[in-house]
Amino acid sequence: MVLIIHSELNKNVCKALIAAEYVGVEVKMAENFQMGKSNKSPEFLKLNPLGKVPALETPEGPIFESNAIARYVARLKPENTLFGSSPIEYGQIEQWIDFSALELDANMRAWVFPRLGYATYIKSAEESYISGVKRVGPTISHTPLLPSPPSPSSPYSFSGSTTTHL
Ligand SMILES: N[C@@H](CCC(=O)N[C@@H](CS)C(=O)NCC(=O)O)C(=O)O
């Protein structure tokens, strides 16, 4: 089974692509995807009415939200324990997914977007987001490491490293 994911190549779509590689599921990027055009098309809006990427096509229906897509992919092979195999493992995995999205990603986006011209720059707000990022740093540097995915065959794989941060 090959699943098609609609997106430009960005950090959000990479969540699913990385999970797919660990689990051994084939996820392909939709061909000729054009950000700002493809994601506004009627076909895409059937996958995600918000018009945001990524969106995944599955045989049973579409899924949007990058974390939900990554979780879906991670659970596709019951014999693969990427998503854990006990309540404590499920809890710890969800903990890191939420930590990444809510503590790290949210602060980084809010810090960087005004600098890129996507939002209004407010000095005091930037200082608060920077201290938010600095606060999570020590936690990240103490996270356990996962082994590299077994097959580095995907064009999106990160070659050359033997371990990867969770
Ligand atoms: N919470 C969503 C965020 C999706 C999102 O904001 N995607 C951006 C690209 S990274 C997008 O599609 N922007 C286009 C738009 O807002 O119209 C997820 O994790 O999938």
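A nonpolar core is a set of buried Ala, Val, Leu, Ile, Met, Phe, Trp, Tyr and Cys residues joined through C-beta atoms within 7 Å. Here a residue is buried if 20 or more other C-beta atoms, placed from the backbone, lie within 10 Å of its own. This is a predicted model, where local features need pLDDT of at least 70 and side-chain atom pairs count only at pLDDT 80 or more, while totals for chains, interfaces and linings use all residues. Residue numbers start from 1 along each chain as its sequence is written.

Let's begin with the core. The largest nonpolar core holds 21 residues, and Ala16, Ala19 and Val73 have the most contacts inside it.

Beyond neighbours within four places in sequence, Ala16 is in contact with Ile5, Val27, Pro54, Leu56, Ser66, Ile69, Ala70 and Val73; contact means C-beta atoms, placed from the backbone, within 7 Å.

Now for a helix pair. The axes of H1 and H3 come within 8 Å and cross at roughly 10°, which makes H1 roughly parallel to H3 (an angle under 35 degrees). Axes are lines fitted to C-alpha atoms over the stretch in contact, with angles from 0 to 180 degrees between N-to-C directions.

Finally, H5: of its 19 residues, the number buried is zero, so H5 lies largely in the open.

Terms used. Buried ≥ 20, exposed ≤ 12 C-beta atoms within 10 Å, placed from the backbone. Contact = placed C-beta atoms within 7 Å. Helix = DSSP H or I, 4+ residues; strand = E, 2+ residues; numbered from the N terminus. Parallel < 35°, antiparallel > 145°, perpendicular 65-115°, else oblique.
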